[in-house]
Amino acid sequence: MSLELIATILGGLTVGSALMVVLSKHPVRSVLYLVLTFFMISSNYILMNAQFIAVVNIIVYAGAIMVLFLFVLMLLNLKQENEPRTSFLIKIASVLAGGALFTVFIAALKDGVVIAASSVVEANDQGLVQNLGQLLFTKYVLPFEVSSVLFIAAMVGAVMLAKREKQMID
Amino acid sequence: MTLAGIFQSGVSIQFYMVLATLLFSIGAVGVLVRRNAIILLMCIELMLNSVNLLLVAFSTYFGKADGQIFVFFIMVVAAAEATVGLSILVMAYRNLRTTDVGLFNKLKG
């Protein structure tokens, strides 16, 4: 099998599972399809030799964020029967808007000129841990440290929000 | 045939541009169509991931690792956003007993 065929099959599976996220009625099924989409995107990363990003994508997205979503879904105990319905007119309008967005993006990207040829780069190991770590701790060390502040802010915010208040507003 | 040579073996960068745009559009349609707030947050994650895919594709294509560092930071922001968004959602559910975004209209007056 050629790489072209593998990439096409993986791309089709990615789009299919992403469509099922939007189309499936049950919220839990939607979450599971999103996990499948993340695995497909990770396989695309592996195909592009971005191994570190592929593993981190599985750990962070499929492992942490999606478990959090699933946990909240189970906690709220949402059923299929009280899943809110959307009117037919809004559905048609949304699909038209999405199609228009896709058309505009493709039309804008179509005329973009890709400057460098990939054949210039023959040693394609920039996606490995050693190279990424070196870059992260030299050139991008300040954003890396600032992102830890963001994490602390998010953690404190989540705890503050989820804490049950003494008096509830009726 | 090595995995590193995907862009030398006939797969064009345009393929990944179309794929990422398609995923982004599906996420945008999901935000517009669905009314469950949790699914809305999931569709936003899908849109963020489509951008990640395009960044990694260009990073591999140009042979520069900077795009993959940006993917790393997008993941950090997405994780923080998901935690805060979900805790706001749990708070709203506690007060309103629903996750339907059409019913979050207490501020309307």
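**Close-up 1. Helix H1 against helix H2 within chain A of the predicted model.** Ile6(A), Ala7(A), Leu10(A), Leu13(A), Thr14(A), Ser17(A), Ala18(A), Met20(A) and Val21(A) in H1(A) meet residues of H2(A), among them Tyr33(A), Leu34(A), Thr37(A), Met40(A) and Leu47(A), where contact means C-beta atoms, placed from the backbone, within 7 Å. The axes of H1 (residues 3–23) and H2 (residues 27–47) of chain A come within 8 Å and cross at roughly 160°, which makes H1(A) roughly antiparallel to H2(A) (an angle over 145 degrees).

**Close-up 2. Helix H3 of chain A beside helix H3 of chain B.** The axes of H3(A), residues 51–76, and H3(B) come within 11 Å and cross at roughly 5°, so H3(A) is roughly parallel to H3(B) (under 35 degrees). Val60(A), Leu68(A) and Val72(A) are among the H3(A) residues that meet H3(B), whose partners include Met75(B), Leu86(B) and Tyr93(B).

**Close-up 3. The side of chain B that touches chain A.** Here 65 residues of chain B are in contact with 70 residues of chain A. H3(B) gives the most to this side, with 19 residues, and the side as a whole divides into 45 nonpolar, 15 polar and five charged residues.

Residues are numbered from 1 along each chain as its sequence is written, and chains are lettered from A in the order in which they are written. In this predicted model local features need pLDDT of at least 70 and side-chain atom pairs count only at pLDDT 80 or more, whereas totals for chains, interfaces and linings use all residues.

How values were computed: Contact = placed C-beta atoms within 7 Å. Helix = DSSP H or I, 4+ residues; strand = E, 2+ residues; numbered from the N terminus. Nonpolar A, V, L, I, M, F, W, Y, C, P; charged D, E, K, R; others polar. Axes fitted to C-alpha atoms, helices over the stretch in contact; angles between N-to-C directions. Parallel < 35°, antiparallel > 145°, perpendicular 65-115°, else oblique.
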